[in-house]
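Let's take a walk through a protein model together. Keep the picture in view as you read, and look for each part as it comes up.

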Amino acid sequence: MHAANLQQMFRVSQLRQFELFPYMYAKSYRANNQIHFVINFAISEPHELVRNFFYELLAGLIEYLLKWQATKTTQVNHTRPIYHIKFPMPQPKHIEQFHSHLSCEYSFNHPVFMVSIPQKYLHFKRANALPALTYYHLKQSTNRYAKSGFKQFVSNMIASSPKATSEQIAQRIGMSCATLKRKLKQHNTSFKILKDEWQKQQSMIYIVERRYSNEQAAAALFFSDITNFRRSCKRWTGKTPSELRDCIQR
């Protein structure tokens, strides 16, 4: 409530995520004067109907938060939408609900759930904020154990060590590979699914947002063979790298 700007608010939400909204978490990527928040499930992978419910719920919360933030900034309010929500689901039959409750730009059938905001908007100062209170909470958070869902915990380990095997990840956690496999199954996922999820999201950022060539994206994802990278991209997103670029350009 007292963050100096949206960027500091996001930082607080990361550090206190498990208290504020434990079901989902966001990772941020910067590209082309935009910041892209890729949002994933933190505890376990839910059923499709539950996933779609959470997508709509979080979109509504984001809409309310950004509207509230805009009314409190010292800058002149924007009349045009300043952010874009990309849903990883087909356009729903109740689309009129989206028209009624979302004033931003939004689209469907994306490989990942993502919110894109111009970077400059993150730094708009809030009037009457007390950043000292926010700083206090940030300082308190650094001295506390940061809780997270099991799926989020393993996903973060994969992101920090993309070339690690399931055996190596299990060893770092302090459990056997069989136990890790069993626990991931209890959370409706697997090591392979989590690794594919990470690679899919990275490929989307590299190819679509940062405009990497196939060679650059393949190297960043540790692929030595371009053909294998194209085939994997098709499996992750349903499109080849070229099709992804063409889709965005249209």
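In β5, I85 has V115 as its bridge partner. What you are looking at is a predicted model, and this pair is a handy place to start. Three bridges link β3 to β5, and these two strands run antiparallel. On to another neighbour of β5: five bridges join strand β2 (residues 34-41) to strand β5 (residues 114-118), and this pairing is antiparallel too. Two of its partners can be found by name: F37 is bridged to V115 in β5, and V38 is bridged to M114 in β5. If you wonder what holds such pairs together, strands of a sheet pair through backbone hydrogen bonds, either parallel or antiparallel.

Now step back to see the whole sheet. Five strands make up an open sheet with mixed pairing, and their order is β1-β2-β5-β3-β4. At the edges you will find β1 (24-31) and β4 (105-107), each of which pairs on one side only. On average, neighbouring strands of this sheet are turned by 20° against each other, with direction ignored.

Helices join the picture next. Helix α6 (residues 150-160) packs on the sheet, where it touches β1 and β2, and its direction makes about 30° with that of β1. Helix α9 (residues 191-209) also packs on the sheet, touching β1, β2, β3 (84-86) and β5; its direction makes about 165° with that of β2.

Let's return to β5. Is this strand buried or exposed? Five of the five residues of β5 are buried, so the strand is largely enclosed by the rest of the structure. In a regular strand the side chains alternate between the two faces of the sheet. You can follow both faces of β5 here: M114, S116 and P118 lie on one side, V115 and I117 lie on the other, and all of them are buried.

Finally, visit two loops. Most residues other than glycine have a negative phi, which makes the next two residues worth a look. N33 sits in the loop between β1 and β2, and its phi is positive, near 60°, although N33 is a residue other than glycine. N33 counts as exposed because its relative accessibility is 64%, and the cut-off for exposed is over 50%. R211, in the loop between α9 and α10 (214-220), is not a glycine either and has a positive phi of about 60°. With a relative accessibility of 45%, R211 counts as partly exposed.

Note on methods: Residues numbered from 1 in each chain as written. Predicted model: local features only at pLDDT ≥ 70, side-chain atom pairs only at ≥ 80, totals over all residues. Heavy atoms only, no water. Pairing = 2+ DSSP bridges. Helix = DSSP H or I, 4+ residues; strand = E, 2+ residues; numbered from the N terminus. Axes fitted to C-alpha atoms, helices over the stretch in contact; angles between N-to-C directions. Contact = heavy atoms within 4.5 Å. Buried < 20%, exposed > 50% of the residue type's maximum accessible area, 1.4 Å probe, protein only.
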